[in-house]
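Colleague: Could we go through this structure together, taking one point at a time?

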Amino acid sequence: MEVKIGKLSDFPEGKMKKVFAQGKELLVVNIGGNLYSIDDICTHEECSLADGFLREEVVTCPCHLAQFNVKTGAVVQRPATGADIESEPTFKITVKGEEVFAEV
Ligand code: FES
């Protein structure tokens with residue numbers, strides 16, 4: 001279902017933000033004026049990716065430095081422990097005027 005998660009101005013370019021929708025925790029990122037979203041909870045040991053670091057389209061988990069592509073959810077780098085991890089689910093983001101919606 002489509003859920004309103006904020007206004008366009010809540011998601012400045014080059015930044016990431018955690019939002020809650022339908023009991024899910026989403027990481028929303030603005031890259032070059034386009035919004036993307038993956039699950040905020042790291043698939044390794046459940047740290048919040050919003051507390052990590054964003055560089056271009058890759059987010060680094062603050063806990064053990066796993067990396068995910070925020071456009072696709074794909075694992076870019078395993079955690080420092082070497083564990084195998086799942087990719088992150090992605091969520092479709094739609095902008096209508098000034099309002100931002102996520103499909104969750
Ligand atoms: S919890 Fe994210 S890398 Fe370990």
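Predicted model: local features only at pLDDT ≥ 70, side-chain atom pairs only at ≥ 80, totals over all residues.

Colleague: Is C42 buried or exposed?

Modeller: The cut-off for buried is under 20% relative accessible area. The relative accessibility of C42 is 3%, so the residue counts as buried.

Colleague: What is the handedness of the disulfide between C47 and C63?

Modeller: Handedness is read here from the torsion about the S-S bond, which for C47 and C63 is about -95°. The disulfide is therefore left-handed.

Colleague: Which side chain of opposite charge is nearest to D39, and how far away is it?

Modeller: D39 sits in strand β4, which covers residues 34-39, and although D39 is buried, the residue has no salt bridge. A salt bridge would require a side-chain nitrogen of Lys or Arg within 4 Å of a carboxyl oxygen. The nearest side chain of opposite charge lies 7.1 Å from D39, and that side chain is K24.

Colleague: Which backbone nitrogen does the side chain of D39 reach?

Modeller: Leaving aside neighbours within four places in sequence, D39 has contacts that include E25, L27 and F91. The cut-off for a polar contact is 3.5 Å, and the side chain of D39 comes to 2.9 Å from the backbone nitrogen of I41.

Colleague: What is the phi of Q22, and is the residue buried or exposed?

Modeller: Q22 lies in the loop between β2 (16-21) and β3 (24-31), and its phi is positive, at about 55°, although Q22 is not a glycine. Exposed means over 50% relative accessible area; with 52%, Q22 is therefore exposed.

Colleague: What is the phi of L65?

Modeller: L65 is found in the loop between β6 and β7, and at 43% relative accessibility the residue counts as partly exposed. L65 is not a glycine, yet its phi is positive, at about 65°.

Key. Residues numbered from 1 in each chain as written. Heavy atoms only, no water. Helix = DSSP H or I, 4+ residues; strand = E, 2+ residues; numbered from the N terminus. Buried < 20%, exposed > 50% of the residue type's maximum accessible area, 1.4 Å probe, protein only. Lys, Arg positive; Asp, Glu negative; His and termini not counted. Polar contact = N/O pair within 3.5 Å; in protein donor to acceptor, adjacent residues only side chain to side chain. Contact = heavy atoms within 4.5 Å. Disulfide = S-S within 2.5 Å.
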